[in-house]
Amino acid sequence: MTEVITSHINTDFDGLAAMLAARHLYPQAEMVLPGSPERSLHNFFLHSCGYAYPFKRLKDIDLLAIKRLIVVDTRQESRIGPFAEVAARPEVEVIVYDHHPATGEDLKNVALVEVAEVGAVVSLMTEKLREKNITIPSDEATVMMIGLYEDTGSLTFKGTTGRDFQAAAWLLEQGGNLETVAEVINNPLDREQVSLLNDLLSSQRTIYPRGQKVVLVEASREHYISDVAMVVHRLRDIERLEVVIALLRLDDKIYLIGRSRSAALDMGRLLAHFGGGGHHYAAAAVTRKLTLIQCRERLFELLEKEVVPPLRAADLMTSPVLTITPATALDKAAELLTRYNINVLPVIDEKSSKLVGIISRQVVEKALYHGLKDLDVSEYMTTDYEPIAPNADLNQIKELIIGRNQRFLPVVDEQRAIIGAITRKDLLRALYDLEGQGVAGYEAGSDGPRKMRRKNVKGLLTESFPSELIMVFRQLGELADEFKVNLFLVGGVVRDLMLRRPNLDIDIVVEGDGIALARLYSERYCGRCHCHEPFRTAVLLTREGYKLDIASTRMEYYDAPASLPIVEKSSLKVDLYRRDFTINTLVVSLNRKNYGEMRDYFGAGRDLKEHSIRVLHNLSFVEDPTRIFRAIRFEQKFSFSIGRQTLHLINNAIKVGFVRRLSGFRILHELKLICAESDPLPIFFRISELKLWREIFPELKTQVKAQRRQARLMAAKEVVSWYEYLYLEEKLEVWRVYFLSFVGGLSAGQAHYCALRLGLDENAGQRFVSLRRRGIEAAAELGRLCGEGKIYRNSKLCACVADLPLEILLYIMAGHGNKRVKKALSNYITRLQFVEIEIDGHDLISAGLSPGPQFKEILNQIRDARLDGEVNNRQEELAMVDSLRVKCSD
């Protein structure tokens, strides 16, 4: 099998470094450049040890013989030259290592994609080398350091991460030579490049799309000049420009090179419109289709769309806002403040809906302390406040909240009706976000704890979901635009999207009437929907066969710990705040304008990166103790860790006894979800570790030792896995096998109690105990039948177990110590239960027998004979009928 490692056309040092690293991971592969490298890399090959590396020329490779293609530093089909045709062949295994954002031009049918948000792809490759404990020669370490330093601006660019620094440290340990790195990286400009730099400096033109300063530079040459990206980079540093875009006509091509230090402009996304690629802070594109003037005009249009506008009050505010009227009693106001966990209530005129005041939790609590609970809030509400318009900028917001110490900022329309509110927390989150980007007044996108982050994952959506489902998303987004509501993918499907895990359990949330949207979609696109008005939810079934759960944004409150929630309408942020864990609060916009924009309000990105399970507030497990089971399930399923504070809250909820208040139905639902996982054993063991079993079954006097319980559950896992690999048609209720194994060491009365505790009614509980008893009796009978040295008949085996459910049979297999019994049950499940005879009652009549009860007896005898191998075909069965008929006549 021919294996090839390659990179992008005009390979740079990062691409070369990644290829060298990949050669250690795939030692049988040949390294081949898809085209001419950059001039700096070409010079490196000429004047250094570059030719010491075993690169093959493209013309020496039989492209048709390639069976595995490893692509590094790109995943765009258009950037790998002739290897694009190789990658398109279905028999070729394509493996990609990259650090660029996804695009619509990415390679399809890729067997393995490793993408990391790092400054240089060689950082990802060194991680792979370290995982496999591979060491590298010092000269290769030096080349890899050159690639790392070139792509990260000597570890100074905005896109540089801690992982890049770790890679640099490891390469230094491997013998990387920093002096050589400096000689190559600090290569001086030649005469042509200096001339080009002068032309670019004199051509500067400044524009302000949506308030962002952008400098455009242009130049033309009748021939190609190498390393023009380095020239543009020098220009940016000389002029200290935040955003610069160079338009260069070299020979018959137009080169667009962009550099951005601003979070307001994603350069990679901008130049992707020209077929280019790159990162937020650096990107490039090449085109023959447009002239320089056409490129310039197209840039003007795109900049007006791509530049993120400055933050306004409407961007920061929470909406809708819970309000009260002046006649509301103070004790009622106190109840609302506690129920919804808020600190301020706006007061509006009942007739005009105008804002007339605000009242804080502090004022209400003091009034109640003084016995004023029956008075109206109008008596003590504050009227000395300053509202703000929705288009007010960040400076105005800062002046009111910080300068005037106004903790709660109402956002009102022209009629002074309240449309939203901004708190100190909203402002702090925005300022922290902007500070992390080093940009004033713009929405940001860097990682960090508990801040709103935006990131476009449109390419990832296309990669991860079937094209038919993507079309459904688009159609729903168009309907949402018609309704003038915001529409988002939400919850576990977005979490798994970011973890690159398949998930078609689609949850969608609507900032508006979700039921109306689902009904309209089903009417327009021939779907079906089932609505649940009390919870403002609908299940949408599309004609393509996909099931989508659609809900209106809502808030929930609990009348008592462990009770089911009461639902009311809310904003998106409030809706997300009610969810179980931060990692489930990511949303992706499906509206046409912002399609694919992911929003992170509560630091979910950080927790996914740190592999942490964290709750959003400290009463989370008090309000819903079933979240304890979900925390454990997610922890083990994703190999995450429960955060220290979250673990403390779990232990506290267990200690106080909130799990005991849960209904059996809700506990059983969580246990079924656990049993549905591919490997539930680590989850069960963690439940034991946290001493949760005694909370689930508090009246269970005899607690089975943990080691015995674990042994039974492990045996159950083995038989369940065995059965699932058979792919038989009979569906297995997996949870029953695990539950039977769990109560295996208990008495009948204790098993009955456990069944009732999980929500089974009295009759169902009695049936469970009866089946369990029959299983125990059958196990004993099988032990006698299959004892050491005994030869048993298949018909006897079938008579013993034929009327037992599949779950009981697997329970016996899991718990029986006799290997002959296990083998016998395996034979029954896989073969004997499907044995059928070829004759029926009509054949008995044809043989001269009269219909009657003896027909069943005769057919059973023939089946027993078939099971025991005494008859093997229809003729032998008919012969046995004649024999039985003669006996009957005698």
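This is a conversation about a predicted model of a protein chain.

Me: What should I know before reading residue numbers and values?
Reply: In this predicted model, local features need pLDDT of at least 70 and side-chain atom pairs count only at pLDDT 80 or more, while totals for chains, interfaces and linings use all residues. Residues are numbered from 1 along each chain as its sequence is written, and side-chain values use heavy atoms, with hydrogens and water left out.

Me: How many helices and strands does the protein chain have?
Reply: The chain has 38 helices and 28 strands. Helices (H or I, at least four residues) and strands (E, at least two) are DSSP runs, numbered from the N terminus.

Me: And what does the C-alpha trace span?
Reply: Along its principal axes, the trace spans about 120 × 90 × 55 Å.

Me: How much of the chain is buried?
Reply: Of the 890 residues, 51% are buried. Buried means under 20% relative accessible area, exposed means over 50%, and partly exposed lies in between (1.4 Å probe, protein chains only).

Me: Which share of the contacts joins residues at least 24 apart?
Reply: Among contacts between residues at least 6 apart in sequence, that share is 66%. A contact means heavy atoms within 4.5 Å.

Me: Let us turn to sheets. In what order do the 6 strands of the open sheet lie?
Reply: The order is β3-β2-β1-β4-β5-β6, with parallel pairing. Two strands pair if DSSP finds at least two bridges between them. The edge strands are β3 (55–56) and β6 (112–115), each of which pairs on one side only.

Me: How many bridges join β1 and β4?
Reply: Strand β1 (residues 2–6) and strand β4 (residues 66–72) pair in the parallel sense over 5 bridges. Ile 5 has Ile 70 in β4 as its bridge partner.

Me: Which strands does helix α1 touch?
Reply: Helix α1 (residues 13–25) packs on the sheet and touches β1, β2 (30–32), β3, β4 and β5 (93–98). The direction of α1 makes about 135° with that of β4. Axes are lines fitted to C-alpha atoms, for helices over the stretch in contact, and angles run from 0 to 180 degrees between N-to-C directions.

Me: What about helix α4, where does it lie?
Reply: Helix α4 (residues 121–131) lies across β5 and β6 and runs at about 115° to β5.

Me: Now β15: how many of its residues are buried?
Reply: In strand β15 (residues 408–412), 5 of its 5 residues are buried. Phe 408, Pro 410 and Val 412 point one way from the strand, and Leu 409 and Val 411 point the other way.

Me: How does β15 pair with β16, parallel or antiparallel?
Reply: β15 and strand β16 (residues 418–423) pair in the antiparallel sense over 5 bridges. Leu 409 stands opposite Ile 422 in β16. The two strands form a hairpin with 5 residues between them, and Arg 416 in the turn has a positive phi of about 70°.

Me: Which peptide bond is cis, with omega near -5°?
Reply: The bond from Ser 319 to Pro 320 is cis, with that omega. Pro 320 lies in the loop between α12 (313–316) and α13 (330–339).

Me: Where does Ser 353 lie?
Reply: Ser 353 lies in the loop between β13 (344–348) and β14 (355–360). Its phi is near 65°, a positive value in a residue other than glycine. Ser 353 counts as partly exposed because its relative accessibility is 35%.

Me: And His 611?
Reply: His 611 lies in the loop between α22 (604–610) and β27 (612–613). His 611 has a positive phi of about 55° although it is not a glycine, and this residue is partly exposed, with a relative accessible area of 40%.
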